[in-house]
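Welcome to my notebook. I jot down here what I looked up, one item at a time.

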Amino acid sequence: MSSEATRPLSQPLVEAVPSDRPEWLIDNADAYAALISAIRDARDSIWISQLALDADCVAYEVGSTRASTTIVGELLAASRRGVQVRVLLNASLLLDTAKPLRAHLEKAGADTRRFRVRGVSRFPQLLHAKLVVVDAEVALLIGSPFANGYWDDADHAPIDPRRPMRELAGRPVHDVSTLITGPAVATLGATFAALWNDADDVMGGDEEDLAVAGHPTALADSPMRIVHTAPGDGPMEILPALLEGIASAEWLIYVEHQYLSARPVVDALVQALARHRTLEVVVLLNQNPDVTAYRGWQNARLRESGLLEHPRVGLFTLWTSALESSNHVRQLNQVFVHSKVVAIDDRWLLVGSANLDGVSLHSYGDDFSSRLGRWIFRGVRNFDVGAVIDAEQDDESAEQVRALRARLWKEHLGGSFHEIGARPTGGWIPLWRSVARRNAAELGKGGRARCLDGPFILPYSSKSTPRAQLADVGVVFAPDTLELCFAPSWLEVHCSPNWVRNMFG
């Protein structure tokens, strides 16, 4: 998607969105534009569930590097015109994002009757469900926390002052959010209300309960259903739905995710490949996740399952580059894939907040290899929410699934991908592999490369550092023509110091 396709912050929202259908918001410039439009259009209520909502999180105008507005500033303005703003954040031992927001609101003189903040404190579980409901009419399933390090647009510039180093070492971020109207909004509103009413961290004098309306999962006469996970005796709906979707696959499974460490999901992919001899699995992943334990877990799953070398599995990663005009050196950076998308046969889709890991799906302990880790974290699950589209009998919804895949593949494959049409002779994976190989060869030209401005794919590598990953896929790294913007040390690769700092900072 080009940056020009991003909605300006002032454009009206609801009229452009067909009822009962999702609108895909690719990358967070697009998601923030939709969010600000919804906040500005709000008449009665704004409900937000988030892992983090930083007071200084900026929503930049399209094409501008100036801090035009902040999400919290827009929420304060809405509350001052009478809108009831309710924000639910994580408030656990290692990550309390509710406390600093309350301090900011107190300093800003916010009316706590109109703008209330509650927290979920369920250590070691996190409130990971990222959800916005406005006026019970519009909902957004948000991909990223509301923190400046997650902002990016479709250009994915290797270095951008609008992305501070704090969260992801300044790496560009690719994500997918969803705007929803129709019957699912009531269900998502009921999800928020139940979380709000059950919050642990509630300020004195706040005895408000929100009405829980709508069915928790099923949507009458709709191909969309809302699924959840929650700790303890709460629901565990996302994993069964995903396994059911994978089991139905016949010709294509497309996975675009932050992590792939969940053993049940990897096993299901292996079984699906064995059932259908023409099934292809295309996977876009991070080689260097933010929590570095996932790198080892993910590579172990891929290696043990045989997916790493399977002829009908294509594993890829996302990079970006730009030519620095002053010295003709090409800046190069990994794009951090933060999406949570699984699309199957252009008729089935799962999007939302849940990663393909144990803690989002069923049990954090299941990701560990050691007996001690598996025992300590057994049954640990976050709060997550997602939307499943099963368009088996609904052509319009099937077209929505196809449209999302087309937009994502166009961004990743560039001019080599024109439109979703008939499956090419030999399948889709040869196209992805040829594009990735060509990109690797072109990248070796450094400053002389002409077709790699912006995001592009490379083959996935299980090596530990970006420099070693480039060498593993055949990129000859010449420091005089290539500048590697993300070059983590041994400590950063193996011990997640940035993540630990964020937890305690």
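How many residues does helix α4 have, and how far does the helix reach from its first C-alpha to its last? I found 14 residues, 184-197, and a reach of 20 Å, close to the 20 Å expected at 1.5 Å a residue. That expected span is 1.5 Å times one less than the number of residues. Helices here are DSSP runs of H or I with at least four residues, numbered from the N terminus.

A note on my source: this is a predicted model, where local features need pLDDT of at least 70 and side-chain atom pairs count only at 80 or more, while totals for chains, interfaces and linings use all residues. Residues are numbered from 1 along each chain, and side-chain values use heavy atoms, without hydrogens and water.

Next I checked cover. In α4, 11 of the 14 residues are buried (under 20% relative accessible area, 1.4 Å probe, protein chains only). Among them are L188, F192 and W196.

Last, I turned to R102, in helix α3 (residues 98-107). R102 is buried, at 16% relative accessible area. A polar atom of the R102 side chain lies 3.0 Å from the backbone oxygen of V117.

Methods. Helices (H or I, at least four residues) and strands (E, at least two) are DSSP runs, numbered from the N terminus. Buried means under 20% relative accessible area, exposed over 50%, partly exposed in between (1.4 Å probe, protein chains only). A polar contact is a pair of N or O atoms within 3.5 Å; within protein, one must be able to donate a hydrogen and the other to accept it, and residues adjacent in sequence count only if both atoms are side-chain atoms.
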